[in-house]
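Some notes on this model follow, as numbered points. Please read them with the structure open.

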Amino acid sequence: MKHPKLEKFRRYFVDQYMTVDARSLGFGRIILALILLFDLVRRIPDLTLFYSNDGLIPNHMMMWRPPTQWMFSFFFILSRPDEVAVGFALCGLIYLLLMVGWRTRLMHVLALVCVLSLHGRVTLLENGGDWMLGELTLWTAFLPTGRRFSIDALRASLRARRETTAAQLADRRAMDVSGSVNVVSLAVLALALQIANSYIFNAVHKGGPTWREGTAVHYVMHQDRMCTWLAVWIRPHMTLWLSRLMSWSALATEAILPVMLLSPVQKTPARRVAILGIIGLHLGFQLFINLGVFSFAMIGYTPFLLTGPDWEALARLAQRRKQRLTAYFDAGCGVCFQIVRIWSRCDLLGRITFKSSADLAAPGDTPAGVTPELLARTIVVVDEVTGVKTTRADAVAQVLRAFPVGWLWSLPLRLPGLRALANWAYDAFSRRREAISRGLGLAACSLPEIAPAVAVPAVAVKTARPFVEQWRWLVSVLREGVVLAFVITMISETLFINAAIPKFLKHEQPLWIKRLVAYPRLIQAWSMFASDAPVGDQTMVVDAVTVDGRHVDPYSEVTSRYKNPGRNEIPPRLDNDSFVFNYSGRIPTSGAYHQALTEWILAYHERTGNPSDRIIRFDAYEVDDDSPPVGQLKPRNIRSHSFLSYPPKR
């Protein structure tokens with residue numbers, strides 16, 4: 001017998017921490033896929049430099065001297081730049097299919113494999129943003145992100161309800177076959193714990209003087225390896241009070257976010273505060289410093305924090321737009337009717353009424369000029385508010401604009417030049433619509449007859465349903481068991497690796513946990529700009545001498561906007577991407593990878609195609625400086641030391 005208080009607590013806990021709206025999952029999947037695409041695209045300029053054997057990190061070197069004991073990446077089998085490009089294209093295709101929600105479960109698992117492979121190939125260059133993006137992809141892979149806003153959901157609706165008349169398209173509720181709007185899973189709790197975990201320890205670890213005194217932001221603005229043009233512009237205006245305001249605001253935001261994310265009461269208001277705080281904090285980071293995918297990965301968690309009341313509020317806001325359309329189409333075009341069936345399911349805000357040429361029998365209900373003869377050539381859309389009538393591709397654009405985020409879907413049909421091309425394509429389609437309908441096995445002369453409902457035999461229901469339900473139950477139990485194993489791993493890694501954890505909670509991790517941390521990069525070491533913001537800057541340069549006596553810097557030529565900056569200063573805003581400044585900061589102390597750097601520098605003339613560029617000797621330097629204190633602009637104490645030479649110095 002269940003104890004009433006325990007059962008009440010169970011229902012409360014499940015609702016508060018383990019339940020998410022299916023619409024949030026669908027929206028979050030789209031945002032996640034866009035961030036994955038951004039992460040992929042930003043790596044393209046470094047494809048040869050960091051992913052191929054023509055670059056600085058050849059795959060055989062990573063396999064010979066791996067930076068971690070357990071690694072996974074299918075990019076280890078790709079050596080040449082063109083091979084890597086094929087791998088990138090494959091990742092991009094999978095991300096696109098995940099975004100539109102085609103075979104969502106499969107694509108989500110494949111997307112996880114892709115993102116872990118992209119990051120695992122260059123672990124020497126990864127940062128917290130790579131970890132957070134991989135962890136977001138991991139946790140959401142256990143959730144039904146294709147239940148809403150996906151091709152899968154659209155196909156399920158089209159299969160479940162086969163309309164045969166325009167009047168049946170008005171019943172939009174009957175088209176929704178996605179099931180309960182609420183999804184319950186331990187993975188929902190894991191998502192909240194994951195993002196709260198990162199903020200808790202990023203805040204707790206920031207106890208150094210720069211954070212206590214409020215000078216952290218000032219010093220971060222002087223990181224020329226990662227600062228943006230806006231940071232360089234604001235430096236002369238950075239006073240102590242402004243630095244304190246920005247530093248302490250960032251620290252306070254990081255401290256309050258875990259409370260809002262894990263609040264035991266007022267879930268919706270607390271999550272709204274968290275969403276605004278996360279977006280504001282990381283947009284601020286992105287404006288001033290280049291942290292790679294970090295800010296976008298953190299913002300990528302926010303759609304999954306939206307609750308049911310948020311979606312209801314958004315629906316009410318969208319309904320304020322006074323737009324009502326009536327779309328007239330030809331009843332004798334089978335492919336046209338199928339397109340309209342799809343449109344009716346995309347019209348989530350209910351702004352469009354669809355009518356066929358068969359509905360023109362009542363003259364009083366038909367706008368002037370809308371005739372069966374006109375509909376035989378084009379769709380006609382009438383704005384019920386303004387009375388404006390549009391046809392051809394312009395009418396299609398009007399329909400698309402009525403959908404959520406419709407300005408985006410309709411934009412290609414409204415741009416000058418593209419609009420004329422779209423109308424030409426529409427006319428070409430219109431002339432061939434009957435042949436297209438017949439080719440697709442659809443009615444070409446009239447709408448299909450209404451098929452009588454076919455009853456499912458009672459025996460079949462009794463035999464099939466228990467098996468299906470038991471199979472689904474077994475799959476869900478196994479899925480939640482895997483999630484539980486990853487949650488235990490996340491907690492263990494948090495206790496093991498973070499300095500703020502008391503010693504009595506430290507423990508020796510079992511082998512299975514170490515592997516579950518390493519392979520999916522479930523790392524929980526959160527200490528960005530902690531315990532202090534860096535009070536000095538660092539970069540790497542190469543002083544190479546060619547066969548004809550010229551001094552060149554092969555490294556800066558491909559990584560910086562300064563072709564040969566020298567070692568007497570760190571110039572303002574090097575414009576390094578996150579891969580470059582991570583490599584520059586880590587390679588001086590990573591002797592195992594110096595041979596690859598040497599070979600790459602000596603191949604300079606092969607890349608330029610100029611025999612006179614052959615390198616006969618070089619020195620690679622780590623260059624450091626001390627950032628200026630508040631109120632000053634010029635760095636101090638410039639210093640450099642050679643960490644690699646050719647020929648080797650004795």
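1. Which residue in β8 is the bridge partner of V545? In this predicted model, the partner is H551. Strand β7 (residues 536–546) and β8 are joined by two bridges, and the two strands run antiparallel.

2. These strands belong to an open sheet of four, ordered β8-β7-β9-β10, with antiparallel pairing. At its edges lie β8 (551–552) and β10 (636–646), each of which pairs on one side only. Helix α27 (residues 594–602) packs on this sheet, where α27 touches β7, β9 (615–626) and β10. The direction of α27 makes about 85° with that of β10.

3. Elsewhere, helix α7 (residues 128–140) and helix α9 (residues 186–204) have axes that come within 9 Å and cross at roughly 165°. Angles over 145 degrees count as roughly antiparallel, and α7 and α9 are therefore roughly antiparallel to each other. Their crossing is right-handed.

4. From α7 come M132, E135, L136, W139 and T140. They meet A187, A190, L191, Q194, I195 and S198 of α9. As a general point, residues three or four places apart in an α-helix point the same way, because there are 3.6 residues a turn.

5. Helix α6 (residues 104–121) deserves a separate entry. Its 18 residues reach 25 Å from the first C-alpha to the last, close to the 26 Å expected at 1.5 Å a residue. Is α6 mostly covered or mostly exposed? Mostly covered: 13 of the 18 residues in α6 are buried.

Methods
Residues are numbered from 1 along each chain as its sequence is written. This is a predicted model: local features need pLDDT of at least 70, side-chain atom pairs count only at pLDDT 80 or more; totals for chains, interfaces and linings use all residues. Side-chain values use heavy atoms; hydrogens and water are left out. The expected span of a helix is 1.5 Å times one less than its number of residues. Buried means under 20% relative accessible area, exposed over 50%, partly exposed in between (1.4 Å probe, protein chains only). Two strands pair if DSSP finds at least two bridges between them. Contact means heavy atoms within 4.5 Å. Axes are lines fitted to C-alpha atoms, for helices over the stretch in contact, and angles run from 0 to 180 degrees between N-to-C directions. Angles under 35 degrees count as roughly parallel, over 145 as roughly antiparallel, 65 to 115 as roughly perpendicular and the rest as oblique. A crossing is left-handed if the near helix is turned anticlockwise from the far one by less than a right angle, and right-handed if clockwise.
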